[in-house]
Amino acid sequence: MPKFTIQQKFIHLVLAAIDIGSNAARLLISEVIQNKNGGASFNKLNLVRVPLRLGFDVFENNSISQEKINMFAECMKAYRHLMNAYKVEAHFACATSAMRDAQNAGEIIKFIEKECGIGIKVITGDFEANLVYENHFAENLDIDKSYLYIDVGGGSTELSYFSSNVLQYKQSFNIGTIRLLKNKVGDDEWDIFKTCIKQITKDQKEVVAIGSGGNINKVFSLSKRKEGRPLSIELLLDYYKDLSALSVTERIEKFNLREDRADVIVPALQIYTQAMRWANAKEIYVPKIGLADGLIKHLWNEVKNKNL
């Protein structure tokens, strides 16, 4: 671990975050530069995504198959080589909903650490929600409005509610794109989701949504909207209608989607639009943030606090 003091003119570190989700595993490598005044800038050096799709095993069979475990190991070996090539000085690997539910998660974690030298932490849904919020995007927006972070993954959706410059609420729900495709989300889970959103936003300032996750970023890209401009709920509903009317093959052809995006994008739009309706949010911002970005900031704070 690098050592440094506050008297140094600047600090330059290369950090990595590995986000092992239910649909894909992502490696984000970033350089962090901190000046003598304490301000830090984060610059992405590389972002790699591999569609492991662990959730398709877990939400169907409650465990991860040997075939997927082998893919998992190959992916982590590649990530280890990339981290070595970039001379990464500290990394944080975490797993979310699929690994939370997998009965064989413990033995897989031991296997990956032995084979690849990467220790994996299975994080709670609440911690996952907090990591997305750590990007603090809402703090740069209109303080006369309140903001609902909606992070949709393959196995879960994390909500964080921000109002008057304060994080008021955060919670994880077992409603995700792969769970929906596998018909593993019951009416009771939807009812809890709806009730929570309505309760936290009732009698509050006008709510604006902030979306994160690969699917909402793809929709934003398809919209050709200028970066920094929000999408309307009407536009999301139009995409939901158009995409849901097509087969997965037709979505791939018409919208130039990857196969591992074409099947999950429709249930993702269902989750985003339902959450926005229940919050009475008419618009959603789509900043280029995600769990991996929050992990980098979390890791930076850990490294900084440990060494100062």
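Tyr 161 stands opposite Tyr 169 of strand β8 in this predicted model. Seven bridges join β7 to β8, and the two strands run antiparallel. They belong to an open sheet of six strands with mixed pairing. Across the chain the average pLDDT is 91, and 93% of the residues score at least 70.

**The sheet**

- The strand order of the open sheet is β8-β7-β6-β9-β11-β10.
- Its edge strands are β8, residues 166-173, and β10, residues 231-232, each of which pairs on one side only.
- Strands of a sheet pair through backbone hydrogen bonds, in either a parallel or an antiparallel manner.
- Between β7 and β8 lies a hairpin with two residues between the strands, where Ser 164 takes a positive phi near 55°.
- Strand β6, residues 146-152, runs parallel to strand β9, residues 207-212, and six bridges join them.
- Within this pairing, Ser 146 stands opposite Val 207 of β9.
- Helix α7, residues 187-201, packs on the sheet and touches β6, β7, β8 and β9.
- The direction of α7 makes about 175° with that of β8.

**The packing of α8 and α9**

- Two packed helices are described by the angle between their axes and by the distance between those axes.
- Helix α8 spans residues 214-223 and helix α9 spans residues 233-244; they pack at an angle of about 95°, with their axes 11 Å apart.
- Angles of 65 to 115 degrees count as roughly perpendicular, and α8 and α9 are therefore roughly perpendicular to each other.
- On the α8 side the contact is made by Ile 216, Val 219, Leu 222 and Ser 223, and on the α9 side by Leu 235, Leu 236 and Tyr 239.
- Of the residues in this contact of α8 with α9, six are nonpolar, one is polar and none is charged.

- Thr 96 is located in the loop between β4, residues 90-95, and α3, residues 97-101.
- Thr 96 counts as buried because its relative accessibility is 5%, and buried means under 20%.
- Leaving aside neighbours within four places in sequence, the residues in contact with Thr 96 include Asp 19, Ile 20, Gly 21 and Ser 22.
- Val 122, Ile 123, Glu 128 and Leu 291 are also in contact with Thr 96.

- Over residues 3-7 the pLDDT stays under 50.
- For residues 3-7 the model has ten contacts beyond four places in sequence.

Conventions. Residues numbered from 1 in each chain as written. Predicted model: local features only at pLDDT ≥ 70, side-chain atom pairs only at ≥ 80, totals over all residues. Heavy atoms only, no water. pLDDT = per-residue confidence, 0-100. Contact = heavy atoms within 4.5 Å. Pairing = 2+ DSSP bridges. Helix = DSSP H or I, 4+ residues; strand = E, 2+ residues; numbered from the N terminus. Axes fitted to C-alpha atoms, helices over the stretch in contact; angles between N-to-C directions. Parallel < 35°, antiparallel > 145°, perpendicular 65-115°, else oblique. Nonpolar A, V, L, I, M, F, W, Y, C, P; charged D, E, K, R; others polar. Buried < 20%, exposed > 50% of the residue type's maximum accessible area, 1.4 Å probe, protein only.
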